[in-house]
Amino acid sequence: MTTQTATTTADTIPVGAFNLSRTTATAARVLRQLRHDPRTIALLILIPCLMLVLLRYVFDGSPQTFDNIGASLLGIFPLITMFLVTSIATLRERTSGTLERLLAMPLGKADLIAGYALAFGILAIIQSALATGLAVWLLGLDVTGSPWLLLLVALLDALLGTALGLFVSAFAASEFQAVQFMPAVIFPQLLLCGLFTPRSEMHPALEAISDVLPMSYAVDGMNEVLHHTDMTATFVRDVLIVAGCALLVLTLGAATLRRRTA
């Protein structure tokens, strides 16, 4: 009974009030750690760019095809990479005992989650800016709207990937299990987001499911920029939905965060 009580107490972390100084300190610590991990930096910053270059020359004989799907993948690639890196990095912190030591200090769940989101959000800005600039100005992605709107959606997608990674890391017991969540969380959204076929042409049941998946609105937002000169009401709706989903998932991540792996 005593052991069970101690374990329960150790795994129960008060959410606590949000504190900006503790949040920024957490973000600074995560960035310092990432600075000494060049492979992770390469995965976050370079892989989406390399994938876009590869995609451009896969469709070298059909530039229109690259224009049609390049904008969508400009948002999808950052989401996937941020999901993978964030889920594995957070789980590594827990399995190594770092989270337990941190949360023994006056650091609440909200501070920790917000700190991770801030750190990876800074990387997401760099990642999204490089990928967007590469696609539009070097690879010749033809968009009707402003490239800055593409950058906005790409950034929100990367932040959504960060939020999803933080959330699923609470349910994984190992880095391998964290990677296993990708087919369950990312692949269904990838298939149903409208990248391969318009969502309106799917089976009604699948269309209904796609209507509640955030990646669907990320792709819709990219397509709005691709085909419209000005910011449309649909674009604003899509952006707000993606941002709201990211905030919701971050909140769920704070509520489900554990000190250590059981």
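**Notes on an all-helix predicted model**

1. Read along the sequence, the protein runs α-α-α-α-α-α-α-α-α-α-α-α-α. That comes to 13 helices and 0 strands. Please keep in mind as you read on that this is a predicted model.

2. The protein has 262 residues, and buried ones make up 50% of them. If you take the contacts between residues at least 6 apart in sequence, 79% join residues at least 24 apart.

3. The largest nonpolar core holds 48 residues, and I76, L150 and I186 have the most contacts inside it. At least two residues of this core come from each of α4 (47-58), α5 (63-95), α7 (109-138), α8 (147-168), α9 (175-185), α12 (214-227) and α13 (233-256). The helix that gives the most is α5, with 10 residues.

4. Is T86 buried or exposed? Its relative accessible area is 0%, and because the cut-off for buried is under 20%, T86 counts as buried. The side chain of T86 reaches the backbone oxygen of M82 at 2.6 Å. Leaving aside neighbours within four places in sequence, T86 is in contact with F120, T162, G165 and L166.

5. The pairing of α7 with α8 deserves a point of its own. These two helices pack at an angle of about 145 degrees, and their axes are 8 Å apart. Their crossing is right-handed. As for the make-up of this contact, its residues divide into 17 nonpolar, 5 polar and no charged.

6. Finally, A28 is found in helix α2 (residues 20-35). With a relative accessible area of 30%, A28 is partly exposed, because that value falls between the 20% and 50% cut-offs. How far apart are A28 and G115 in sequence and in space? They are separated by 87 residues along the chain, while the C-alpha to C-alpha distance is 8.1 Å.

Note on methods
Residues numbered from 1 in each chain as written. Predicted model: local features only at pLDDT ≥ 70, side-chain atom pairs only at ≥ 80, totals over all residues. Heavy atoms only, no water. Core = buried A, V, L, I, M, F, W, Y, C linked by side-chain atoms within 4.5 Å. Buried < 20%, exposed > 50% of the residue type's maximum accessible area, 1.4 Å probe, protein only. Helix = DSSP H or I, 4+ residues; strand = E, 2+ residues; numbered from the N terminus. Polar contact = N/O pair within 3.5 Å; in protein donor to acceptor, adjacent residues only side chain to side chain. Contact = heavy atoms within 4.5 Å. Axes fitted to C-alpha atoms, helices over the stretch in contact; angles between N-to-C directions. Left-handed = near helix turned anticlockwise from the far one by under 90°. Nonpolar A, V, L, I, M, F, W, Y, C, P; charged D, E, K, R; others polar.
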